[in-house]
Structure formats: C-alpha cells, structure tokens
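Subject: Structure for you to look at

Hello,

Here is the structure I promised to pass on. Please open it first and then read the notes below.

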Amino acid sequence: MPGTATRVQALSTPVKASKSFGSRRAGRPCTTAATSRRRRTMRIGIVGLGNMGKLIAAAIVRAGFDTYVYDLRPEAVAELVEQGATGTTSVKELAQTADVISVVVLNEPQVQSVADEIVAVGLPRTLIVHSTVTPAFVQTLADNLAPAAISVLDAPVAGGLARARTGELTIMIGGTDTDTHKLAPLFDAFGREIFHVGPPGAGSAAKLSVNFMTIAGYALQIEAMNFARAHGLTEDALSSVLTTSNADSRAVRTWGLQDRLRANVPPGTTPAQLVMKKDLTSFTTAAGRAGLVSPLAAVAAETLVNRIEERDAYLNSIGGRPDIPQCTTCGQELIPPFRETGIHPECTRA
C-alpha cells in the first residue's frame, strides 16, 4: 500500500459533528432540511448484525433512514425488522435496493465475499467497511471496485457497545472528501466523534493503532494484576492506586468489564481473545508492509490468548467473576474509588 504512512491525515484535523456533521446532543443526530432530504434519498443496507452491527443498524433506523438488513442468522434480521428495518434474505437482494451498503463482518475474507456479491448485482453503489481490516486490503478493494462504479470507504468505530447503543461512537473515516461529506448524515446517526483521517485505508490505519494500544494495554494490565496478587495485593487495591498515577486509564477505571463481556458472550460469537489476536496480527502485518518492525505487537499477539485463558482459570478458581458495581451512566464496572458515588468522574461530564 504505497504512501499510506504519509497520506493519513493527523487526527488534529477532525471532521466533527460540531463542524460539518451537525451538532449532537444526547446521542441524537441534528436534523436540518438538508440532512432530512439526504435521509429520504439514501437507502442504507447493513450486512452483519452481530453485537456491533445490530446496534449501528438500530441507530440508523432511529435516525429515519430507509434501512435494509441482512445476516446469516434469520433471528438477527427479525430483531431489526421489529425496530423498523426491512429484512432481506441475501446480500444480492439487499444490494439491489440499498445504494449505500455498510459491512460489519469479522474479517477480510468475509468483507471480500460481500463485495463480490455487490459487484455481481451490477449497480453503482457505495460500500462502507466498518470491519477491522488492514489498510492495504481497503485500498486494493477500492481500486478493484472502482471500474464497477462502486465507491469504497472504510469507517471503523471505537467506543464499545455502550456508546454504540446510544449512537455515540467514534468513527474513523478513510475516503474521498466528496464521499465523506455526502454520507455525513449517515455517520452522524451513530457517531459522536467523527474523524475524516484520509483516503480509503486511512480509517483502518487509525483503528488498528487504537486497537493495538487498547489490546496490548490490556495484556500489560493482566500481567500487572498477576504480579500484584503474587505479592499480596488485591486487584481493587492496585486499581485504586493506578487511578492516581500516570498509569490511569479508562480500562483501569472499568477493571472487570472485559471479564464480564467474555463470560456473557452470545452463543456462536467469536471469543473476544481470538478477535483481539486477529487485530494484533493485522497490525503487525500492516506494519510490516509499511517497512516497520513491531516487536511489542508481535509478543502481544503471541501471548494474549494464553494470558486471557490463565485469567479465566484464576477467576474460576475463586468461584467466578466478582460481582462488581456498575456505573449508573455508562453501565460499566466501577473500581473502589468510584463506588460511593456510583459513577465514573468522566461520565459526569459526558
């Protein structure tokens, strides 16, 4: 992917809701005459209704878009139909009607399969890739689909399921200026912090950077907790200290969240640790293509699954995951310093 490292624009030049995408309050998109007209004319398709895909689709429905959905699981489609979407029975059927198609599937082969089916329909379309993939894959996809009059953007998201439920995700967009601004009302439907970071592929570069720092940080935190316990500290004690240090982070303040998410993963869902390993492997692959060596990412990818399995074994040995109070605003775990008030300090400013 030539030139990717230099072509990605700095995140200090965001296209945010308050500038080009309309102001946002309480997770609801701003409605203007122009955005209302575009909502009426854009028909949106969502392929992939897993944990994140169904929440993005629900936010788009709430924003008033004509929304079509498809998933291999009929029950997932039925759930969105109850919320106001139109169900379809195949990617082909969806692509025959929807002119903007968002893909929220697991990996590059699945994205490619969806893209091939869209091309086969033979109609001009816009394809938005929300999946976590490599920048080179997106650039190649954009080049290959251009002759078929299909525009490609990558728009991966961050913020987790809690912010997805309220339509307040961070969105990192890689695409042309024209496509990005044309789709502004759509992004505004499910995003709060919206960044146009560069051409196709740039969004994935930003997302992989975010995921590497998040996942590798989680691996470090597990090792730190193991070390503390081996020396007689409780995890509550260490996390309380960490919030007053330079090691403070949102992950520390919600310690126990990942344990709960793993324990409650829906049947048929890929385990979180395998998704994390995939993302770290994608990061190292993309780094190698850019001529970079990323030893920390490689070590994290190699050891993460075992570390998480060891942690789950430890939790089982103490009778299961502790019952940790949750924030009244975000619904995520509260470590001891915040339990008396029942809310994270940052959530009071949300």
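**What was found**

The protein has an accessible surface of about 16,400 Å², and 56% of that belongs to carbon and sulfur atoms (Shrake-Rupley method, 1.4 Å probe; for residues, only the protein chains shown count as cover). This is a predicted model, in which local features need pLDDT of at least 70 and side-chain atom pairs count only at pLDDT 80 or more, while totals for chains, interfaces and linings use all residues. Residues are numbered from 1 along each chain as its sequence is written, and side-chain values use heavy atoms, with hydrogens and water left out.

Of the 350 residues, 48% count as buried (under 20% relative accessible area, 1.4 Å probe, protein chains only). Ala-184 lies in helix H10, residues 184-190 (helices are DSSP runs of H or I, at least four residues, numbered from the N terminus).

Now two other helices. The axes of H11 (residues 202-230) and H12 (residues 235-242) come within 9 Å and cross at roughly 120° (axes are lines fitted to C-alpha atoms over the stretch in contact; angles run from 0 to 180 degrees between N-to-C directions). That makes H11 oblique to H12 (angles under 35 degrees count as roughly parallel, over 145 as roughly antiparallel, 65 to 115 as roughly perpendicular, the rest as oblique). On the H11 side, the contact is made by Ala-224, Met-225, Ala-228 and Arg-229, and on the H12 side by Glu-235, Leu-238 and Ser-239 (contact means heavy atoms within 4.5 Å).

Regards

Terms used: Buried means under 20% relative accessible area, exposed over 50%, partly exposed in between (1.4 Å probe, protein chains only).
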